[in-house]
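Thank you all for making time this morning. I would like to walk you through one structure, slowly, and I will begin with a term that we will need along the way.

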Amino acid sequence: MAAAAGSRGFGLGRPGWRARADVVRTVFVARIKIITRYKGAILMEALLPIVFAAMPVLLGTTVASQQGVDPGAVFCENTMVSGRCTTNFRLYMLIGASTFTVVSLMLWLIGYWVRREQETGTLESLALAPARRIWVLAGVTTYAFVRAMIAFVIAIALGSLIFQVNPFERGVATALAFLALGLLPLWGLSFMFGAFIMKIKEADSVIQVLQWILAFLMGVFYPITLLPPIMQGVAGLFPPTVMTDAVRASILDISYFYGSAYGSLAVLFAMALIVPLLGYEVFEVTERRLRRKEGVGHY
Amino acid sequence: MSKKKIVEFSRYPVAFVALFVQIFLIIAMFLFASLAFTPGGRASPAAGQQALGATVVYGFIVGLFLSFTLWEIGFSIREEQTRGTLESLYLSPASKVSSLVARVFAILLWSGAMAVMAIVFVGAVVGGLPTANVGLALLVLLFSISGFLGMGFIFAGVTIKLKETAQLLVNGLQFFFMIFSAQFFPFAALRQVSPLIVDGVSKWLPVSYCVDAFRSLLIGAEPELGLGMGAEILIVVAFGIVSPIVGYWIYKRLERGARIAGTLGEY
């Protein structure tokens, strides 16, 4: 009798599947409602990759034309890997900058959510709620994903018009598959990042610097084969790098960092299996430790 | 107030280091990107790499000061609003203009140090940078910063009025100047896209003259906007004198409006 009562949580509510889905939905709707109050934010996020891509495009075009050479041809020559390259440097930069925005936004939104809850004093209450943290996190990450994808789609569409490039010539389905698969490890990375922010607290500066480390390692503006060998190794183990590289390779028909589409797919698949589990584990361990020591509401 | 900001800064070493690292990463990324367009890449002649490095880093330095001035004053006002200390601060007899300038003092000092380190870093990567007319270039930078302060004052007023949304506006403005004032590339790049961009937009922005004069002086080249160095310096000096006066006047109007409406400390 006692065991049965204990297994049912001593009368406390144990959320079932419907309740869990409701937690995800409620968190998601709440975040969406908040962001719809700041409509300019979404527009700015969509413009960011275009501005970001425009700078190297403008700089590169001038550098090449000052030397009297075709920028596309020079770019192709300098970024050639295994005899394959692209002259479409505008699309190359646009894809890089847009995927970077997705990665950066996912991390930024999760990190900032944790910090905001700490600041407003609601993180502690969340930790006391009967809903498991994974469902709350699932709601926040879904929101981050939707917001990032809105920015991505607008950036690609608007950027293609501005740069006069066509991203739909080839490999769109493969690119979307890589993007979808790449989002799973990104989910895991977001959890880890949230845990990190919860621990160190100085969210703004960490997010900002991490953003640029990401951009540097992901090869937003150049293939990572241009980096020194050790950095190539580090960058190759980083899921967003593999995702960006694969999306770009499938659309521009250039070589993949892991040799072929199957190579990159295998690596990304392994990352998609390991990183989310690892990320959630890191989040739970960090939260548990913080709760034991000082509580998660410390601001 | 300046001392308070410096103390605040020193208490967040992670933020301090993060800013520093960020600068190097941004520059390194743009250098890598531009090398992808240089015939021969890393093996290209040193003179070409130096000219490229100079264009990127000198424009970046002006952009750095502009960005920090725009962000810091408004952001600091917003922070006071959030903490609830703005209303009390404005009831004290302290001078408002000193309070505004003091907010950027620490970050400007730090930006100066970062600018020097950025030059050293890029110089080391590309094998030295041209440094002609350093004295005059510093004078141009000084007046440019004074002009940026005026823009910062306006944004402080806008922050009081628009609150959270003002940050979006600053973000947008930052991007606008990044592109149209050619902070990371020469104006020739914009002219290649369309001469109308330079003639119709860039030439009407004082910030463009700050970037062009500072960069051209240090590189030892003719300015790109076509007015000649004398005229460009004159524009920068006028901007440095007029902008803080106009900016402060606008700020005062916005602040007065908020006080009358009772929304000064509203969060």
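When I speak of the angle between two helices, I mean the angle, from 0 to 180 degrees, between their N-to-C directions, where each axis is a line fitted to C-alpha atoms over the stretch in contact. Please also keep in mind throughout that this is a predicted model.

With that in hand, let me turn to a pair of helices in chain B. Helix 6, residues 134-162, and helix 11, residues 229-261, pack at an angle of about 15 degrees, and their axes are 7 Å apart. Since angles under 35 degrees count as roughly parallel, helix 6 of chain B is therefore roughly parallel to helix 11 of chain B. Their crossing is left-handed, and the contact of helix 6 with helix 11 in chain B has 20 nonpolar, eight polar and two charged residues.

Helix 6 of chain B has another partner to show you, namely helix 7 of chain B, and here the axes come within 7 Å and cross at roughly 145 degrees. On the side of helix 6 of chain B, the contact is made by F155(B), V158(B), T159(B) and L162(B), while helix 7 of chain B brings T165(B), A166(B), L169(B) and V170(B). Sorted by class, the residues of this contact between helix 6 and helix 7 of chain B are six nonpolar, two polar and no charged.

Let me stay with chain B and look at the loops on either side of these helices. N133(B) sits in the loop between helix 5 and helix 6 of chain B, and its phi is near 45 degrees, a positive value in a residue other than glycine. Is N133(B) buried or partly exposed? It has 17 C-beta neighbours inside 10 Å, so N133(B) counts as partly exposed. In the loop between helix 7 and helix 8 of chain B we find A182(B), for which phi is again a positive value near 45 degrees in a residue other than glycine. A182(B), however, has 31 C-beta neighbours inside 10 Å and so counts as buried.

Now let us ask how the chains meet: how many residues of chain B are in contact with chain A? There are 36 such residues in chain B, and they are in contact with 37 residues of chain A. On the chain B side, helix 2 (13-35), helix 7 (165-180) and helix 8 (187-193) each supply at least two residues, and of the elements in chain B it is helix 2 that gives the most to this side, with 14 residues. By class, the side of chain B that touches chain A has 27 nonpolar, eight polar and one charged residues.

As for F214(B), if we leave aside its neighbours within four places in sequence, it is in contact with Y58(B), V62(B), A137(B), V140(B), L141(B) and S144(B).

Helix 11 of chain A, residues 239-252, and helix 12 of chain A, residues 261-293, have axes that come within 10 Å and cross at roughly 145 degrees, and the crossing is left-handed. Among the residues of helix 11 of chain A that meet helix 12 of chain A are P239(A), V242(A) and M243(A), and those they meet include A261(A), S264(A) and V267(A). Altogether, the residues of this contact between helix 11 and helix 12 of chain A divide into nine nonpolar, two polar and one charged.

Because C85(A) has 22 C-beta neighbours inside 10 Å, it counts as buried. Not counting residues up to four places away in sequence, C85(A) touches C76(A), T79(A), M80(A) and I254(A). C85(A) and A249(A) are 164 residues apart in sequence, and their C-alpha atoms are 9.4 Å apart in space.

Key:
Residues are numbered from 1 along each chain as its sequence is written. Chains are lettered from A and ligands numbered from 1 in the order in which they are written. This is a predicted model: local features need pLDDT of at least 70, side-chain atom pairs count only at pLDDT 80 or more; totals for chains, interfaces and linings use all residues. Two residues are in contact if their C-beta atoms, placed from the backbone, lie within 7 Å. Helices (H or I, at least four residues) and strands (E, at least two) are DSSP runs, numbered from the N terminus. Ala, Val, Leu, Ile, Met, Phe, Trp, Tyr, Cys and Pro count as nonpolar, Asp, Glu, Lys and Arg as charged, and the others, Gly among them, as polar. Angles under 35 degrees count as roughly parallel, over 145 as roughly antiparallel, 65 to 115 as roughly perpendicular and the rest as oblique. A crossing is left-handed if the near helix is turned anticlockwise from the far one by less than a right angle, and right-handed if clockwise. A residue is buried if 20 or more other C-beta atoms lie within 10 Å of its own, exposed if 12 or fewer, and partly exposed in between; C-beta atoms are placed from the backbone.
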